[in-house]
Every structure is written in structure tokens, then in C-alpha cells.
Amino acid sequence: MYAAKTEDREYVRKCRRNRAIQQQKQERRRVIILLVVTLILIFAFGVGFGTLLTRAQEPTSQESYKYYTSIEIEKGDTLWSIADEYMDSVHYADKSDFISEVMTLNHMGSSSIVSGQKLIVPYYSSELK
């Protein structure tokens, strides 16, 4: 009888130890899963904020302002040479677009210009004047 009780006690102890070990394993799994999820979230937030900071530090396209100036035509000047000097390739597809605008601004019927003639010419600048 005493031996039977001892065996029963050993069996109960063994069962309790096994349950305790299983609970410890489950707790370790929970802790590991929690750590992994936390690290993933930290990484995701880090990448997200890093991307935002990088975008914030990217140079923005510089603003440009459109202005007009009056020029006097000198001997040898053509609308094409004026376009070379004043045209901005960012705002005009090609020289003919620029020349067309100059002709419209100055109410010109043809592209011929004469020395001494004054023209209004558009140009772009990044400075606000």
C-alpha cells in the first residue's frame, strides 16, 4: 500500500512536471512570436519613416517664374538666334513654340525682323523678381 501510494505520487509529480515543461515551452513560443512580430513592426515602421524622410530631403523641382523683357533687334539677329538666347527647354517643346509665342506677343504676321525693332520676349527665371 505504501509502495502504491509512492508510485501514484511519482506519477502525479511526473505529470505535473510534464505539464510545467509544456507550459514553459508554450510560454517560450509566445515570447518568441511576440519578439518576432515586434521586430517586424519596428522594421516596417523604420522603412516607412525612412522613406518619408528620404522623400522630404529630395530636392524638389525648382520653381520658375515667367517674365517678359523688351529687346532691340540688332543687325544679324533672327528669331532663331533670339530663341537660342532666351528659350528655356523645360517650358518649350522646341524653338518653333518659342518663336510662335514671340510672334503672338508682338502681333507679328511674319517671322521677319528688322534691325532697331523692339520685341517683347518671354523668359523664365528661378528668382522671384
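Is H107 buried or exposed? Select H107 to begin: at 74% relative accessibility, this residue counts as exposed, since the cut-off for that word is over 50%. Keep in mind as you go that the model is predicted.

**Stop 1: the loop at H107**

With H107 still selected, show the backbone on either side. H107 belongs to the loop between helix 3 (95–105) and strand 2 (118–125). Now check the torsion: phi of H107 is near 50 degrees, a positive value in a residue that is not glycine. Most residues other than glycine have a negative phi.

**Stop 2**

Next, select E101 and K66 and show their side chains. The two meet in a salt bridge, with 2.6 Å from N to O. E101 sits in helix 3 and K66 in strand 1 (residues 65–72), so this pair ties together parts that are 35 residues apart in sequence. Colour the two partners by accessibility: E101 counts as buried, at 19%, because buried means under 20%. K66, at 33%, counts as partly exposed.

Side chains of opposite charge can pair when their charged atoms come close.

**Stop 2: two pairs along helix 1**

Move to helix 1, residues 2–57. Select E10 and R13 here. They form a salt bridge whose closest N and O atoms are 3.0 Å apart. Both residues lie in helix 1, with a spacing of three residues, about one turn of the helix. E10 is partly exposed at 39% relative accessible area, and R13 is partly exposed at 44%.

Then select E27 and R30. In this salt bridge, the closest N and O atoms are 3.4 Å apart. E27 and R30 are again both in helix 1, three residues apart, about one turn of the helix. How do these partners stand in accessibility? R30 counts as exposed, at 52%, whereas E27 counts as partly exposed, at 41%.

**Stop 3**

L41 has its place in helix 1, and its relative accessible area of 44% makes L41 partly exposed.

Technical notes:
Residues numbered from 1 in each chain as written. Predicted model: local features only at pLDDT ≥ 70, side-chain atom pairs only at ≥ 80, totals over all residues. Heavy atoms only, no water. Helix = DSSP H or I, 4+ residues; strand = E, 2+ residues; numbered from the N terminus. Buried < 20%, exposed > 50% of the residue type's maximum accessible area, 1.4 Å probe, protein only. Salt bridge = Lys/Arg side-chain N within 4 Å of Asp/Glu carboxyl O.
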